Amino acid sequence: MAGPEQHTWCPDRIRRDWRLNERHYGCVQGYYKSDANLSEKYGEETIHRWRRSMTDKPPPIEETHESYLPPPAPRTESLWDCQQRAMECFHSAIAPALFDCEVLPTPPDLRAIIVVAHANTIRSLMAAFDEVPMDMVPKLYVPNSVPILYQFDRKTRKPNATKLQGAAGCSHARWLISAENHHAVRRAVKSGGTLTRALFDAMDARGEGYLNSKDIGDGLKLLLKDDLHPPDCVVIAVAKKIQHELGPHSVITFEEFEAKADRTLRGLREPTDPFADELYAW
């Protein structure tokens, strides 16, 4: 955050804030989302709403639960609850470091702040920055380990990049990836690539011409088991994005699968962009 000449662990360079913690899942805290017992007890649709919607949340955690923490830790949270503390952190800590702080060697107009947090925290921030309608929040997906770039206007302190159409509406966000990964995704969405007909047919075990979320998840697990030819992390992120945009009972045809992969690719920030090159060097 402050510059390469400072010590990595200098408090002026790395600042920790509890408000960027992962969302609290109440009574299901500590369980895997794929746990069959949870689906049997609460139902897949209920769990899907807890995970993806803005306002739904699990029942509060009991004091006898092994993951219980006393106040001020919450007992359960919706994504909206998580967003309130994350945006409070943005206004009181992140924005001042980005726009105002004078002790950092990089001037504010050239400054880049890296926010490292959990998927739900980042997702809640993106929903706020892009003013995502509440009914579109379930379609907002954050890929693992792929940096997402927002550019801000210093006066308004709001994102100023042109909005691009995405599954959750229009967004100021750009995925920031290396040229190597960008080319890997381009190859993957070409005819015969790992995100097109070859992958689709491999996952369509029933030969029905369409896939549901579970089919894609099972196919990704098989891909990740390939130690000799492991798939690129961004290719996996694109496929997972498609998976997460499907509802629990939705299906997708090959044509829709290919079109979604292509739209996702066009949302990636081009590595030839001069500003992107500058950030890579930074």
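This is a predicted model: local features need pLDDT of at least 70, side-chain atom pairs count only at pLDDT 80 or more; totals for chains, interfaces and linings use all residues.
Helices α7 and α8 pack against each other. Helix α7 spans residues 213–224, and helix α8 spans residues 233–245. Their axes come within 9 Å. The crossing angle is roughly 165°. Angles over 145 degrees count as roughly antiparallel, and α7 and α8 are therefore roughly antiparallel to each other. The crossing of α7 past α8 is left-handed. On the α7 side, the contact is made by S213, I216, G217, L220, L223 and L224. On the α8 side, I236, A239, K240, I242 and Q243 take part. By class, the residues of this contact comprise seven nonpolar, three polar and one charged.

S78 lies in the loop between α2 and α3. Helix α2 covers 44–52, and helix α3 covers 79–99. The relative accessible area of S78 is 3%. Buried means under 20%, so S78 is buried. Neighbours within four places in sequence were set aside in listing its contacts. S78 then touches R23, M54, T55, D56 and K57.

The cysteines were examined for disulfides. A disulfide is a covalent bond between the sulfur atoms of two cysteines. C82 has a relative accessible area of 0% and is buried. For C101 the value is 17%. This falls under the 20% limit, so C101 is also buried.

Terms used:
Residues are numbered from 1 along each chain as its sequence is written. Side-chain values use heavy atoms; hydrogens and water are left out. Buried means under 20% relative accessible area, exposed over 50%, partly exposed in between (1.4 Å probe, protein chains only). Axes are lines fitted to C-alpha atoms, for helices over the stretch in contact, and angles run from 0 to 180 degrees between N-to-C directions. Helices (H or I, at least four residues) and strands (E, at least two) are DSSP runs, numbered from the N terminus. Angles under 35 degrees count as roughly parallel, over 145 as roughly antiparallel, 65 to 115 as roughly perpendicular and the rest as oblique. A crossing is left-handed if the near helix is turned anticlockwise from the far one by less than a right angle, and right-handed if clockwise. Contact means heavy atoms within 4.5 Å. Ala, Val, Leu, Ile, Met, Phe, Trp, Tyr, Cys and Pro count as nonpolar, Asp, Glu, Lys and Arg as charged, and the others, Gly among them, as polar.
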